[in-house]
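Here's a quick tour of a protein chain for anyone just starting out with structures. Have a look at the picture first, then work through the points below.

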Amino acid sequence: MIQEIAQDDYKEAIAATQAGVLIVFKELCPHCKNMEKVMEKFSALLPGVALLGLDIQKNPDAAAALEAERAPTLFVIKNGAVAQKKTGLMNPKELLALYKAC
């Protein structure tokens, strides 16, 4: 399950996450909905990894601070910091490879 975070707490949420994936999404974006499903499948492959979500339209300042210009944009979080960023669609195996590459 993806935990939605907001502009006021995104820095604290990232800092508190030892292992996670953050998606910057738009609520009505079909590609974002697909990536949310991919993240759920990824989570089944690698349990224990936190799934976070940030709505780009509700939180434009946080998205800008993360340099997320489009949705979906994914961030791999390790040890309380962003380790990798990728924009666009992936399948669960590609997301797993991106996560393990960091």
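Take the contacts in the protein chain between residues at least 6 apart in sequence: 67% of them join residues at least 24 apart. Keep in mind that this is a predicted model. Buried residues account for 43% of the chain's 102 residues.

**Overall layout**

- The protein chain is built from four helices and five strands.
- Taken along the principal axes, the C-alpha atoms fill a box of roughly 30 × 30 × 20 Å.

- H2 runs over residues 30-45, and its 16 residues reach 23 Å from the first C-alpha to the last, close to the expected 22 Å.
- Which residues of H2 are buried? They are Cys-32, Met-35, Glu-36, Val-38, Met-39, Phe-42 and Ser-43.
- What do the buried residues of H2 pack against? Their partners are strand E2 (19-25), strand E3 (50-55), strand E4 (73-78) and helix H4 (92-101).
- Over on the other side of H2, you'll find Pro-30, Lys-37, Lys-41 and Ala-44 exposed.

- Pro-30 belongs to helix H2.
- Why does Pro-30 count as exposed? Its relative accessibility is 54%, and the cut-off for exposed is over 50%.
- Pro-30 and Pro-72 are 42 residues apart in sequence, yet their C-alpha atoms are 9.6 Å apart in space.

**Cysteines**

- Cys-29 is buried, with a relative accessible area of 12%.
- Cys-32 is buried too, and its relative accessible area is 0%.
- How many disulfides are there? The count comes to zero.
- In case the term is new to you, a disulfide is a covalent bond between the sulfur atoms of two cysteines.

**The salt bridge**

- The structure has one salt bridge, and it pairs Lys-58 with Glu-27, whose closest N and O atoms are 3.9 Å apart.
- Lys-58 lies in the loop between E3 and helix H3 (60-65), while Glu-27 lies in the loop between E2 and H2, so the pair ties together parts that are 31 residues apart in sequence.
- Lys-58 is exposed, at 53% relative accessible area, whereas Glu-27 is partly exposed, at 41%.

**Thr-17, tucked into a loop**

- Where is Thr-17? Look in the loop between helix H1 (10-15) and E2.
- Is Thr-17 buried or exposed? With a relative accessible area of 8%, Thr-17 is buried, because the cut-off for buried is under 20%.
- Leaving aside residues up to four places away in sequence, Thr-17 touches Ala-50, Leu-52, Ile-77, Lys-78, Asn-79 and Gly-80.

How values were computed
Residues numbered from 1 in each chain as written. Predicted model: local features only at pLDDT ≥ 70, side-chain atom pairs only at ≥ 80, totals over all residues. Heavy atoms only, no water. Helix = DSSP H or I, 4+ residues; strand = E, 2+ residues; numbered from the N terminus. Buried < 20%, exposed > 50% of the residue type's maximum accessible area, 1.4 Å probe, protein only. Expected span 1.5 Å × (residues − 1). Contact = heavy atoms within 4.5 Å. Disulfide = S-S within 2.5 Å. Salt bridge = Lys/Arg side-chain N within 4 Å of Asp/Glu carboxyl O.
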